[in-house]
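Student: I am new to this structure. Could you take me through its strands and a helix?

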Amino acid sequence: MESMIRGRLSVGLLVVALSALHAAHAQDAVKIDPDNPKYLLFRGKPLALISASEHYGSVINRPFDYEKYLDDAAAHKMTVTRTFLFYRELQSARNPSSPCKPESPDFISPFMRTGPGKAMDGEPVYDLDKWNPEYFERLHHYLDAASKKGIVVELTVFSNTYADEVWALNPLRAANNIQHVGKGDWEEYISLKDSELVKVQSRYARKIIEETSGYDNVYYEICNEPGGGIAGHVTSADVDAWQSAMAKVMRDEMKRLNRPHLLSGQQAFTYAANNSFPMDATFASNNFDIVNDHPLPNTQFAGKVFEMGDFMSKELKLVGVRNFCRATNAQAKPVVLDEDNTASMYRDMTGWTIHRKRAWTALLSGCHYDYIDFSITVGNESGTAASRAAIRSWMQHLSEFMDSFDYVHSKLDADWIGETPDHLLASGLSASGKDFAAYLADDREIGDPTAGDSITGKVAVMLPPGTYDLSLYSPVTGEYSPAIEVHGGEKTEINLLPFKQDVVVRATRRDR
């Protein structure tokens with residue numbers, strides 16, 4: 001069984017050709033930028049991860065037109081997309097239909113459905129000794145398409161399985177495979193408790209690395225939202241031990257293939273009445289080259305608690321987002337707010353505005369940002385007319401702005417902005433003492449009756465000595481105001497015309 005599963009599956013001459021073509025560039029895979037470990041380097045250029053991503057089903061959902069999705073993502077300057085390789089999510093009323101929730105006949109697994117007998121979803125059971133050619137063909141074509149468009153793909157290898165109803169969909173549950181592997185409860189799925197299950201998980205992880213590490217536009221997330229600590233079951237420490245084992249499997253396979261790819265993820269959270277999301281060990285762990293954080297309440301780092309908004313809540317929580325990014329900035333790893341969904345269920349201007357503001361706050365505080373765009377569904381792979389005009393265009397403006405700014409040689413710097421009108425929260429960067437950017441956002445929650453009212457007044461600017469061109473930039477339109485001349489070394493006040501929600505102030509020193 002071992003040699004059979006490790007053997008390369010023939011997925012057709014075209015796929016083999018794609019693998020060979022991309023393998024020539026594998027040594028240049030996305031990496032940590034040597035000039036600034038908070039950012040990445042991809043094809044010789046700095047990379048900030050910015051995305052309004054489909055909900056992760058590009059590979060596993062047969063009807064999903066990933067070419068159409070990637071075309072739109074590239075057109076809107078998205079630099080990354082996140083892709084689940086194995087996890088299938090349960091459809092529910094609260095969490096809307098999305099690409100990672102295919103109907104049972106449309107779910108494509110790495111393992112073949114052969115029967116005899118039916119799995120718990122009514123389709124044939126899986127044979128864990130047989131890889132699924134359709135899955136790997138689709139995976140290769142998808143990665144090739146993303147590569148041609150210059151989009152980096154975060155490949156999420158495993159996921160928490162959350163509940164018995166979701167565990168019922170998993171090929172690795174005993175009732176769903178002819179080997180009867182996976183006899184435990186869902187709470188033990190991402191642990192070392194079941195040695196036979198761990199063997200299959202390890203083989204699958206090696207297969208994924210073998211098939212995909214020839215591409216330069218991928219990195220790997222070990223596990224989405226790992227969690228433990230439910231009474232009577234494995235602890236979060238047990239889950240982290242499993243993550244370490246999977247990291248070793250993946251790195252060993254990369255070493256065998258001489259591949260340099262990065263791993264991302266986070267330490268296990270603890271289930272409790274108030275779920276606890278500690279992050280210190282994530283930064284300390286050798287398992288993770290990139291730190292993923294899902295912005296939530298009770299996120300803990302360096303002895304502080306950061307409140308970043310309840311799941312699907314329409315909470316803004318800009319202070320928590322900014323302060324978490326600032327607090328982790330001294331850690332020599334990129335930090336990705338990897339699945340922001342505080343308001344993503346709300347496909348309206350209010351929800352989209354919340355995510356625009358959280359995205360700008362994250363990027364102007366030294367982090368990366370991935371928002372779930374639930375407007376993208378099967379049949380609407382480029383979103384809707386409304387989402388393209390709003391959140392997708394707004395994310396494009398952010399991507400273009402960052403591309404115009406030397407963020408690799410930047411530092412956190414909002415101190416050049418002094419007094420501001422009430423309700424404005426400042427986030428900022430400065431690059432080499434020459435280029436200064438500050439994002440000013442209305443931090444009022446939607447429950448405040450004055451939230452969204454126009455803001456006007458004076459902003460004090462205090463720049464180093466020199467002559468600067470200062471202008472305002474709109475995150476909504478992507479347009480700059482005409483520049484005015486200001487002089488550093490002294491306090492300068494600028495008048496803000498009435499605006500709503502947010503504005504960017506940018507000052508660029510003239511060459512001497």
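Student: Which residue is the bridge partner of Leu155 in strand 9?

Tutor: Keep in mind that this model is predicted. Strand 8 covers residues 152-159, and strand 9 covers residues 218-224. These two strands pair in the parallel sense over 6 bridges. The bridge partner of Leu155 in strand 9 is Tyr220.

Student: Which residue in strand 8 is the bridge partner of Arg82?

Tutor: Look at strand 5, residues 80-84. Strand 5 and strand 8 pair in the parallel sense, over 5 bridges. In strand 8, the partner of Arg82 is Glu154.

Student: How many residues of strand 8 are buried?

Tutor: Strand 8 pairs with strand 5 and also with strand 9. Buried means under 20% relative accessible area. Strand 8 is mostly covered, and its buried count is 8 of 8.

Student: In the open sheet of 3 strands, which are the edge strands?

Tutor: The order is 1-2-3, with antiparallel pairing. An edge strand here pairs on one side only. That gives strand 1 (31-32) and strand 3 (45-47).

Student: Which residue caps the N-terminal end of helix 4?

Tutor: Helix 4 runs over residues 133-148. Look for a side-chain oxygen 3.1 Å from the backbone nitrogen of Glu134. The oxygen belongs to Asn132.

Student: What distance does helix 4 reach from its first C-alpha to its last?

Tutor: Helix 4 has 16 residues. At 1.5 Å a residue, 22 Å is expected. The model comes close to that, at 23 Å.

Notes. Residues are numbered from 1 along each chain as its sequence is written. This is a predicted model: local features need pLDDT of at least 70, side-chain atom pairs count only at pLDDT 80 or more; totals for chains, interfaces and linings use all residues. Side-chain values use heavy atoms; hydrogens and water are left out. Two strands pair if DSSP finds at least two bridges between them. Helices (H or I, at least four residues) and strands (E, at least two) are DSSP runs, numbered from the N terminus. Buried means under 20% relative accessible area, exposed over 50%, partly exposed in between (1.4 Å probe, protein chains only). The expected span of a helix is 1.5 Å times one less than its number of residues. A polar contact is a pair of N or O atoms within 3.5 Å; within protein, one must be able to donate a hydrogen and the other to accept it, and residues adjacent in sequence count only if both atoms are side-chain atoms.
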